[in-house]
Amino acid sequence: MQKYRYEEIAAEMEANILEGRLKPGHKLPSVRALKLKYNIGLSTVQNAYEYLMIKGLVASIPKSGYYVSGPKREDREGQKSLKGPARIVVHDAIFKNNLSVITAHADPQKKHSITEFNVAAPGEFFIPQKLLLRTMQQVIREKGAGLLRYYPSNGSEFLKEHLARRATTYHSRFRAEELIITDGAIQAFYIALASVTAPGDVIAIESPCIFSMLEVVKNLRLKVIEIPVHEGSGFDVAFLKRAAEQAMLKAIVLTPNFHNPTGALLADADKKELLTIAQSRGIPIIENDVFGDLNFSGTRPLNIQSMDNSGLVMTFSSFSKTLAPGIRLGWLSPGRFFKQAEQLKFSLGSTVSPIYQESIAKLLASSSYDRHVRKFRMQLAAQAYHTINLISEFFPGSTRISQPKGGYSIWLKMEKKVNMKLFYKHCEQNGIRFTPGSAFSFSNVFEQHFRIVFASKYTPQREEMLKLAGKIASDCTL
């Protein structure tokens with residue numbers, strides 16, 4: 001994909017920093033100075049600096065300007081504590097009532113007092129409400145009563161054509177006639193996994209892994225080998241290789257692009273190696289790409305499917321993370337497993353909401369969706385950088401912080417001396433909610449971890465709540 005102007009300017013500055021021409025502490029040119037130098041808009045310069053800030057190369061000091069950053073805390077202290085399981089163990093897919101901490105709600109009458117950092121959905125400020133409502137109104141005027149009829153079970157052909165066409169911009173080769181439109185990403189995942197497994201089968205799944213996917217695994221009565229996801233490099237391909245040698249894996253499940261909760265991005269070389277392992281043993285790969293459009297810098301990353309000529313890769317995604325949580329529309333490219341997936345989709349219901357299908361198709365047919373995503377991912381990058389700064393300043397100094405390269409979330413680990421149950425309890429009492437690490441695994445390896453979602457705009461109150469959480473963490477240290 002073609003680079004935006006701000007990315008070109010940021011890349012030039014990044015090279016100067018990494019090659020040592022600009023040292024830590026060096027003051028960088030002002031926004032207005034760069035505007036004049038490159039003959040560009042102020043927003044383009046600001047986007048370039050936000051790009052560099054999210055990569056940890058530049059810091060902004062209020063009323064002073066931009067400076068080259070020094071090494072961050074997590075760079076100095078290493079990343080071992082952010083890793084998942086170290087041994088190959090086959091687990092039964094059983095939760096220890098972990099979902100109670102995710103789905104619990106306070107008194108509804110006090111809902112306004114809850115500051116939620118656990119909801120992985122765009123906040124109201126980031127939802128393109130006018131664009132979505134205007135598009136839906138246009139669709140209703142144009143399609144009228146046709147929206148009240150059944151649509152094809154696999155989805156609108158017009159929508160699938162535009163999904164396939166857009167995928168070519170990041171080198172994916174989805175065949176429109178073999179795409180399946182689903183009621184969100186989780187239904188797509190269920191269809192993919194159920195198409196290639198039976199109860200009792202063993203699968204390899206990323207660890208940590210988003211709890212909604214773990215629930216699907218549990219309901220399908222599968223056994224799992226948890227593959228560590230490292231904050232810096234993502235899915236541990238070497239660990240997967242050992243697992244494949246020791247167990248008969250029926251599927252590999254991962255989020256290669258901006259993993260939830262770490263925000264890690266798997267390198268293209270690792271994607272290719274993973275694909276080689278799967279192809280050598282005939283193991284289907286199910287890749288979750290719901291955050292693939294939300295890169296903070298550079299071009300949109302490749303899917304594993306774009307490297308595959310065997311049909312073993314099944315890719316799924318949705319629009320609930322990039323547009324609005326209420327847009328219940330996902331899609332699945334099932335590869336060689338199309339017939340099985342098609343039958344499962346039909347058994348789950350014949351039609352996804354016609355108005356959603358037509359509205360998304362209309363957005364993809366124009367440049368509206370990509371314009372929104374470009375703005376949204378830069379907003380998320382700024383949110384991520386601000387969140388990391390707040391955590392670094394107000395949480396205990398030993399807190400380990402992931403550095404997301406895209407997506408919605410930051411993965412944190414507290415020292416063992418922090419009483420996490422007490423931490424969550426006191427946070428809840430003060431109207432603050434996070435997602436505990438225990439919800440991201442069938443094992444107990446993430447008891448000291450938790451996830452923060454930064455997809456809601458910061459207000460002074462929201463900032464104060466995160467600062468208070470940092471104080472609570474200090475107070476809960478034994």
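**Charged pairs and nonpolar cores**

At 11% relative accessibility, D293 counts as buried (under 20% relative accessible area, with exposed over 50% and partly exposed in between; 1.4 Å probe, protein chains only). This is a predicted model, in which local features need pLDDT of at least 70, side-chain atom pairs count only at pLDDT 80 or more, and totals for chains, interfaces and linings use all residues. Residues are numbered from 1 along each chain as its sequence is written, and side-chain values use heavy atoms, leaving out hydrogens and water.

The partner of D293 is R300, with a salt bridge of 2.6 Å, N to O; the term means a side-chain nitrogen of Lys or Arg within 4 Å of a carboxyl oxygen of Asp or Glu. R300 is buried too, at 9%. Both belong to a salt-bridge network that also links R166, D289 and D370.

Across the whole structure, the search finds 18 salt bridges. In one of them, R377 meets E7 at 3.5 Å, N to O. R377 lies in helix α14 and E7 in helix α1 (residues 5-18), so this pair ties together parts 370 residues apart in sequence; helices are DSSP runs (H or I, at least four residues), numbered from the N terminus.

Now for the nonpolar side. The largest nonpolar core has 101 residues, and Y49, L193 and V217 are among those touching the most other members. Such a core is a set of buried Ala, Val, Leu, Ile, Met, Phe, Trp, Tyr and Cys residues joined through side-chain atoms within 4.5 Å. Its largest share, nine residues, comes from helix α14 (residues 368-394).

Notes:
Helix = DSSP H or I, 4+ residues; strand = E, 2+ residues; numbered from the N terminus.
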